[in-house]
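I opened the model to look up a few local features. The entries below follow the order in which I went through them.

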Amino acid sequence: MEDATTPGRKGNLTGSARKLKDNAADWHNLILKWDRLCDEGSTIATKIVNFRLSKESVKEPEVMMEGQISAAAERSAFYSNPELEEECTKLQNVVDKMAHILSKMERMVSVEKGICELETFQYGEKGRPKPLFHTWFTNHFAEVSSELYEAYKQELALKSTILREVAHTTNSDLCMVYLSCWLYQPYIQDNTKLVLESLLMETGYRAV
């Protein structure tokens, strides 16, 4: 199986074909980076949960009248634990890096929509008469990129929510839900990976 940085065809591509092929490689490499960050974040989030649930962690303030917990005491308990605060900062850094990856994905979607607009201008509403590679017409590249982008956009939103909540949760069941959602990425399903593989096959990075 060819790596996505190895050209799948001989000869130099130019113009739209070159850009679409480069974008396919970028999708592959950005998703690899995302997956590494996901694993890193999972390890950090697990440490945060262990801090919150362990006996050594700062205990939660007593339950107040009518079952309410003092917000001030909660904040004090959190910030008095420098190890917990450090892990939360690390998890924030992971999410920030994921957001940077998503911004690159968004730019690729924009570029491919621009290519479609250019071809509409050149060839009319039906676009290019023949595919640039095997079977996909240019508008399908834009559709696939949009589909990938939307999946990772939703996943980033979920991870941002987990980042906000995980350090303040002492319910063990809820903590396990957060950790499971972070690791298994419910918005990035099997068909998302299949879409990426199809993109790599179409552009020659995978054997057909």
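**Entry 1: a serine and its contacts**

I asked which residues Ser145 touches and found Trp27, Val109 and Glu112, not counting residues up to four places away in sequence. Contact here means heavy atoms within 4.5 Å. This is a predicted model, in which local features need pLDDT of at least 70, side-chain atom pairs count only at pLDDT 80 or more, and totals for chains, interfaces and linings use all residues. Residues are numbered from 1 along each chain as its sequence is written, and side-chain values use heavy atoms, with hydrogens and water left out.

I placed Ser145 in helix α4; helices (H or I, at least four residues) are DSSP runs, numbered from the N terminus. Ser145 has 1% relative accessibility and so counts as buried. The classes are buried under 20% relative accessible area, exposed over 50% and partly exposed in between, with a 1.4 Å probe and protein chains only.

**Entry 2: helix α5**

I checked the length of α5, residues 172-184. At 1.5 Å a residue its 13 residues should span 18 Å, and the end C-alpha atoms are 18 Å apart, which agrees. The expected span is 1.5 Å times one less than the number of residues.

Which residues of α5 are buried? I noted Cys175, Tyr178, Leu179 and Trp182. Seen down the helix axis, they fall within an arc of 95°, so they line one face of α5. The arc is that of the directions from the helix axis to the C-beta atoms. These buried residues pack against α1 (15-53), α3 (82-123) and α4 (138-166). On the face turned away from the buried side I found the exposed residues Asp173 and Tyr184.

I then looked at the ends. Asn171 caps the N-terminal end of α5, with a side-chain oxygen 3.0 Å from the backbone nitrogen of Asp173. After α5 comes Gln185, with a positive phi near 50°.

**Entry 3: salt bridges**

I counted 7 salt bridges in the structure, each a side-chain nitrogen of Lys or Arg within 4 Å of a carboxyl oxygen of Asp or Glu.

Arg18 and Asp22 are joined by one of them, at 3.0 Å from N to O. They are 4 residues apart in helix α1, which means a separation of about one helical turn. Arg18 is partly exposed at 25% relative accessibility, and Asp22 is partly exposed at 31%.

I also looked up Glu119 and Arg128, whose closest N and O atoms are 2.9 Å apart in a salt bridge. Both residues are buried.

Terms used. Helices (H or I, at least four residues) and strands (E, at least two) are DSSP runs, numbered from the N terminus. A polar contact is a pair of N or O atoms within 3.5 Å; within protein, one must be able to donate a hydrogen and the other to accept it, and residues adjacent in sequence count only if both atoms are side-chain atoms.
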